[in-house]
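I opened a notebook page on charged side chains. My plan was to look up how they pair and where they sit.

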Amino acid sequence: MRNRLGGCLAAAAVIGGFLFAAVKPTAGQAPSASSYKAPRTLDGKPDLGGIWQVLNTASWDLQAHNAADGVPAGLGVVEGNVIPYQPAAAAKKKENFDKRLTEDPLRKCFLAGVPRITYMPFPLQIVQTPTHVGIAYEYNHASRIVYTNGTDHSGVDDFWMGDSRGRWEGETLVVDVTGFNDETWLAWPGYFHTNKMRVIERLRRDGNVLHYQVTVEDPDVLMQPWVMDERVMRLNAAPMVQVEDPPCVETDGANLYTKERG
């Protein structure tokens, strides 16, 4: 196994120029979300660092669904269980659904995009500096930098992973992501978007749990924004745990997440 922080994390570490101290929660304590304060980095921000992994079926389907085509059944993660597409966009989504076994961009080893890559069943690693948060994903060598230095979005609308700008609101890291291309799906059944999509992510640590909530805006195809219910990721604190660097393997539709282990 190889430790992969990814190019973005290496850059973020250089920018920060120092290590961060994390105080472990006291054993046996289960602080409430309203009162819990996360461990602090040396600059006093909540420390979200570590290797995290979500446990749900959102990447297969954002709405409640039965098991089919090798996809496990799952509860919906969208408030109201509806993605409010405009009529023409709903027809396009249905067309994508009919072609999902071959046309899901993940079949072709494209990057999963934001927010989908975060709720895929693969671990991710977070590293912080005073001005940036770096995230390395096990899936398909992906990485991104969340700029927390107060800079504006680039204005370019052609990024697979978007252009992420973050700010702290108390214990919560709020990430405003724009600048997408229109090549990714939000889940396997064909939930598509345009390059006008805007994603607001909220990440808040509660002990060894990371709470993750998403709001998606896309006025060209949605009648109104939709919100993903708060999901949780679990911290993997096992000794010597690493984010692996497996290659992506294009599939013929038999298995959405086929990987070869290096």
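Side chains of opposite charge can pair when their charged atoms come close.

I noted the source next. This is a predicted model, in which local features need pLDDT of at least 70 and side-chain atom pairs count only at pLDDT 80 or more, while totals for chains, interfaces and linings use all residues. Residues are numbered from 1 along each chain as its sequence is written, and side-chain values use heavy atoms, with hydrogens and water left out.

**Entry: the salt bridges**

How many salt bridges does a search of the whole structure find? I got twelve.

I started with Arg 198 and Asp 176, whose side chains meet in a salt bridge at 2.8 Å, N to O. Arg 198 lies in strand E7 and Asp 176 in strand E6, so this pair ties together parts that are 22 residues apart in sequence.

Is each partner buried or exposed? I used these cut-offs: buried is under 20% relative accessible area, exposed is over 50%, and partly exposed is in between (1.4 Å probe, protein chains only). Asp 176 is buried, because its relative accessible area is 12%. Arg 198 has 33%, so I wrote down partly exposed.

Next I looked up Arg 204 and Glu 230. Their side chains form a salt bridge of 3.6 Å, N to O. This pair links distant parts of the chain, with Arg 204 in strand E7 and Glu 230 in strand E9 (residues 226–235), 26 residues apart. Arg 204 is at 15% relative accessibility and so counts as buried. Glu 230 is at 39%, so it counts as partly exposed.

Then I checked Asp 163 and Arg 165. The closest N and O atoms of this salt bridge are 3.0 Å apart. Asp 163 counts as buried because its relative accessibility is 7%. Arg 165 counts as buried at 14%.

I also found a network of salt bridges, which links Arg 167, Glu 169 and Arg 202.

**Entry: a charged patch**

Which residues form a negative surface patch? I listed Asp 157, Asp 158, Asp 182 and Glu 183. Such a patch takes residues with over 30% relative accessible area and no salt bridge, like charges being joined within 9 Å. Asp and Glu count as negative.

I placed Glu 183 in the loop between strand E6 (172–178) and strand E7 (198–206). At 40% relative accessibility, Glu 183 counts as partly exposed.

How values were computed:
Patch = residues over 30% accessible without salt bridge, like charges linked within 9 Å, V, L, I, M, F, W, Y side chains within 5 Å. Areas by Shrake-Rupley, 256 points an atom, 1.4 Å probe, with all protein chains shown as cover. Salt bridge = Lys/Arg side-chain N within 4 Å of Asp/Glu carboxyl O. Charge placed at Lys NZ, Arg CZ, Asp CG, Glu CD. Helix = DSSP H or I, 4+ residues; strand = E, 2+ residues; numbered from the N terminus.
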